[in-house]
Amino acid sequence: GRGGPGLRVLDASWYPPKERNARQEFQERHIPGASFFDIEECRDKSSPYDFMLPSESHFADYVGRLGVGNDTHVVVYDGDEVGTFYAPRAWWMFRAFGHKEVSVLNGGFKNWVKEGHPVTAEVSQPTPAVFKARLNRALVKTFEEMVQNVGSLKFQVVDSRPEGRFRGTELDQGLESGHIPGSVNIPFHSFLSETGHEKSIEEIQEIFRQKKVDLSKPLTATCRKGVTACQIALAAFLCGKQDVAVYDGSWSEWFHRAPPHYKVSELKRNK
């Protein structure tokens, strides 16, 4: 597909530095023809918060160098043990910058390998492409919009972190945890099967229903730093809801900026 718009496969893996080295693992084995999408590079480095969206021009330059143009079909995956962890963040970033033709590899690299598909250590050099990025504001929520929503409840908020962190009963990387008032907790693992594939659309719809989340109404996803929130957006997307916004700053920003009574924690109540 060198001549036409073609297909570009991107490995968007990221791991805690002490645990695994994503770039090194990519160099050792990846899906043939894939490029490494570095979430540490493709972000707003001036922000005090992790992994915030880069500017339109930064994103456009970055993915253009990976051979992605506006007509390219992009498939993202990662190598996490759960099946899919960081890939939905890259998927959502493309969509936030106006790109429609983007998919997540169901089951991730773990299942690609398990099913015996080819892998390679050969790093291909993509032909650079021109990508024009236009941020779709409807898919991104700011701190100010989230604060306003605590009072107005114009949109539903789903938090994808583990239950203990949502409830405030366990620390999160040294940060006190808790949640935004009025938000609902659906840990992102809920949407993944035992094997690490996405659950069926029926199962996903049932999960939202059980938590009384109405997919016909506005919805914003949040988490610790705007990564697993994208799994909520992906799950809703599979049910036909294409307009889930992500609160990019998520709890990292909320914890540092929100007034104390806007941080709901069970630990505080018990004191």
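Trainee: How much area do domain 1 and domain 2 bury between them?
Mentor: Buried area is the accessible area (1.4 Å probe) that two parts lose on being put together, summed over both. Here 62% of it is on carbon and sulfur atoms. Between them, domain 1 and domain 2 bury about 2,200 Å².

Trainee: And what kind of model is this?
Mentor: Residues are numbered from 1 along each chain as its sequence is written, and side-chain values use heavy atoms, with hydrogens and water left out. Local features need pLDDT of at least 70, side-chain atom pairs count only at pLDDT 80 or more, and totals for chains, interfaces and linings use all residues, as this is a predicted model.

Trainee: How are α3 and α8 arranged relative to each other?
Mentor: Helices are DSSP runs of H or I with at least four residues, numbered from the N terminus; axes are lines fitted to C-alpha atoms over the stretch in contact, with angles from 0 to 180 degrees between N-to-C directions. Helix α3 (residues 87-96) and helix α8 (residues 229-238) have axes 8 Å apart at an angle of about 70°. Angles under 35 degrees count as roughly parallel, over 145 as roughly antiparallel, 65 to 115 as roughly perpendicular and the rest as oblique. The pair α3 and α8 is therefore roughly perpendicular.

Trainee: Which residues in α8 meet α3?
Mentor: On the α3 side, the residues are P88, R89, W91, W92 and R95. Their partners in α8 are C230, Q231, A233, L234 and F237.

Trainee: Which residue meets the R89 side chain in a salt bridge?
Mentor: This pair has an N to O distance of 2.8 Å. The partner of R89 is D248.

Trainee: How far apart in sequence are the parts that E144 and R257 tie together?
Mentor: Their side chains form a salt bridge at 3.1 Å, N to O. E144 lies in helix α5 (residues 143-152) and R257 in helix α9 (residues 250-257), so the parts tied together have a sequence separation of 113 residues.

Trainee: At roughly what angle do the axes of α5 and α9 cross?
Mentor: The axes come within 11 Å of each other. The two helices are roughly perpendicular, and their axes cross at roughly 70°.

Terms used:
Contact means heavy atoms within 4.5 Å. A salt bridge is a side-chain nitrogen of Lys or Arg within 4 Å of a carboxyl oxygen of Asp or Glu.
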